[in-house]
Amino acid sequence: MDGARQPDRRALLAGGLFAATAALTGCSSKSTAPAAAGGSPQARPTMQPTTRPTTPEAAFTRLMEGNQRWVSDDLQHPDRDPDRREFVAQEQKPFGSVLACIDSRVPPELLFDTGLGDLYVMRTGGEAVGPVVTGSVEYGPMTSGTPLIVVLGHQRCGAIEASYTSLKEGKPLPGNLEAIARALRPAYEQTVREGGSDPVDTMARAQVTLTAADLRSNQDLAPLVRKGTLAVVGAYYSLDTGKVEVLSGAPS
């Protein structure tokens, strides 16, 4: 993004966020802790809010440490209590944005062991992108300085498999599913060029790396990447092990 129009877009996005927050705030009321059996207020422990990483390196480390806890079954479940809900009720500043698949087995907040207000999450079939999705991914870095974007593909992706079969056989998918196949065509074409014994898995990985590269070089995010205030990481999640494998763009 050039310097002439970036402030206008930031102001517009931030203004929309303020208006939406004000509207939601007007409909909310402060909750109270339930009473204990004896009639006195039930005490609950107060958890201090976690410190927000402000650099790509710190944000990436936070996510990968969370995934390691997921893999090893040593979960902390951070930022998931009423205190955290109240802390982020008026303002959010997530440290990461994740573009993942709609697959029910790949919830980013769980597999990265994060909580409320930690991540912007966008989910589409096979991480298919278009202007609205790209704008949603741009939102965090451009309005609140979110320092990390992760494009997260995964093992045995149904959207990838259906699109691969459709494109290979020349048979369009029904309804708006065909839009997903069209969006995934570049990954399909790269897969055909590369070959291999598992083309669906190859295509899943290709979709991640191509999408991450496109985001890394787009006109609005590229200046942040060049300044070192944003990293765009391509990653792949194993359904079998729970481990996130980095494919491209890890900050160092």
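Helices (H or I, at least four residues) and strands (E, at least two) are DSSP runs here, numbered from the N terminus. The model is predicted, so local features need pLDDT of at least 70 and side-chain atom pairs count only at pLDDT 80 or more, while totals for chains, interfaces and linings use all residues. Residues are numbered from 1 along each chain as its sequence is written, and side-chain values use heavy atoms, leaving out hydrogens and water.

**View 1. Arg-156, between a strand and a helix.** Look for Arg-156 in the loop that runs between β3 (148-154) and α6 (158-169). Its phi is near 55°, a positive value in a residue other than glycine. Arg-156 counts as partly exposed because its relative accessibility is 48% (buried is under 20% relative accessible area, exposed over 50%, partly exposed in between, with a 1.4 Å probe and protein chains only).

**View 2. Asp-73, between two helices.** Here the loop lies between α2 (56-72) and α3 (82-88). Asp-73 is not a glycine, yet its phi is positive, near 60°. With 66% relative accessibility, Asp-73 counts as exposed.

**View 3. Where α6 meets α9.** The axes of α6 and helix α9 (residues 199-217) come within 9 Å and cross at roughly 110° (axes are lines fitted to C-alpha atoms, for helices over the stretch in contact, and angles run from 0 to 180 degrees between N-to-C directions). Ile-160, Glu-161, Ser-163 and Tyr-164 of α6 make the contact with Pro-199, Val-200, Met-203, Ala-204 and Gln-207 of α9 (contact means heavy atoms within 4.5 Å).
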